[in-house]
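Visitor: I would like to go through this model and ask what stands behind each label.
Guide: Go ahead.

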Amino acid sequence: MLPMPFLIDGETYFEDINFTQEEFYERLSQDVDISTSQPAPEAVMRAWDELLETSESVVYIPMSSGLSGSCQTAAMLAGDYEGKVQVVDNQRISVTQRQSVLDAMALAERGMSAAEIKEYLEKVKFESSIYIMLDTLKYLRKGGRITPAAAALGQALRLKPVLQIQGDKLDAFSIARTKKQGISKMVSAMENDIVNRFGGLENIKNIHLEVAHTNNEEAAAKFAEEIKEKYGIDDVVVAPLSLSVSCHIGAGSLAIACSVAIH
């Protein structure tokens, strides 16, 4: 796994290597200048070269091309590897990207080649969905995604924006007045996706449901239990969002995600 670097006051940090989640949110709350970057080309190629010493080929699954330039960079670098490195652009992030890695491993166990795995993962890229409820509009305003006036009004009314990721786009989906209403909107939207896009609720056993969060572990664990109970399933993965995403949305967010199991 190659960590995404980020810059704090001009200094480079790597998640879970020289900077913990706790340290990150502490610095974020201090309003320091935080920006994201992508893995250095030298680091990417070094990882590939090491893997190719013991393997015939590499399947590399970067963050969605719509949310980071790292995918495009990797695709360009792979051009020098004569097909031995297959860069997957299946527009996943966070928990759905994690599931893509597990799917790729399972497909390799089935005997698929690296090129076949890339083809499959890109073919099913729209068989996933994410909804994220933010706790604050502050960081959307800071990143220029909404105007200061809209952010001020939203903060005054204590509104909770709900965003969606469908394919390569992070878009506004809805606005909630309370966290409870925001969760209800997310669950309803996800259920609509399952019914209309992913084979219906009768297919729920073939759908991976996940919960992600930014520094909101207790609420995420509770949300996962509610999802298990609602749909009668045993497993809902809970994971923190990558810090390269967190710096754009702030602490306290909660997300529900799904991806269809490999066929």
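Visitor: What do the buried residues of H3 pack against?
Guide: They pack against helix H2 (41–52), strand E4 (58–60) and strand E5 (85–87). Contact means heavy atoms within 4.5 Å. Helices (H or I, at least four residues) and strands (E, at least two) are DSSP runs, numbered from the N terminus. This is a predicted model, where local features need pLDDT of at least 70, side-chain atom pairs count only at pLDDT 80 or more, and totals for chains, interfaces and linings use all residues. Residues are numbered from 1 along each chain as its sequence is written, and side-chain values use heavy atoms, with hydrogens and water left out.

Visitor: Which residues of helix H3 are buried?
Guide: In H3 (residues 70–78), they are Ser-70, Cys-71, Thr-73, Ala-74, Leu-77 and Ala-78. Buried means under 20% relative accessible area, exposed over 50%, and partly exposed in between (1.4 Å probe, protein chains only).

Visitor: What puts them on the same side of H3?
Guide: Their arc around the axis is only 160°, so they share one side of H3. The arc is that of the directions from the helix axis to the C-beta atoms. Gln-72 and Met-76, on the other side of H3, are exposed.

Visitor: Why is Val-59 called partly exposed?
Guide: Its relative accessible area is 28%. The cut-offs are 20% and 50%, and the value falls in between, so Val-59 is partly exposed. Val-59 lies in strand E4. Leaving aside neighbours within four places in sequence, Val-59 is in contact with Gln-86, Val-88, Ala-114 and Ile-117.

Visitor: Why does Pro-5 count as buried?
Guide: Pro-5 has a relative accessible area of 6%. That is under 20%, so Pro-5 is buried. Pro-5 lies in strand E1 (residues 5–8). Beyond its neighbours within four places in sequence, Pro-5 has contacts that include Tyr-13, Phe-14 and Pro-39. Pro-5 and Ala-40 are 35 residues apart in sequence and 8.8 Å apart in space, C-alpha to C-alpha.

Visitor: What makes the phi of Ser-94 worth a remark?
Guide: Most residues other than glycine have a negative phi. Ser-94 is not a glycine, yet its phi is positive, about 55°. Ser-94 is found in helix H4 (residues 94–109). Its relative accessibility is 17%, so Ser-94 counts as buried.

Visitor: Where is Asn-215 found, and why is Asn-215 called partly exposed?
Guide: Asn-215 is found in the loop between strand E9 (207–213) and helix H9 (217–231). Its relative accessibility is 47%, so Asn-215 counts as partly exposed. Phi of Asn-215 is also positive, near 50°.

Visitor: How do you know that the chain agrees with a compact globule?
Guide: With 263 residues, such a globule would have a radius of gyration near 18 Å; the chain has 19 Å, which agrees. The radius is taken over C-alpha atoms, and the globule rule is 2.2 Å times the number of residues to the power 0.38. The C-alpha trace spans about 55 × 50 × 30 Å along its principal axes.

Visitor: How many helices and strands does the chain have?
Guide: The chain has ten helices and eleven strands. Buried residues make up 46% of the 263 residues.
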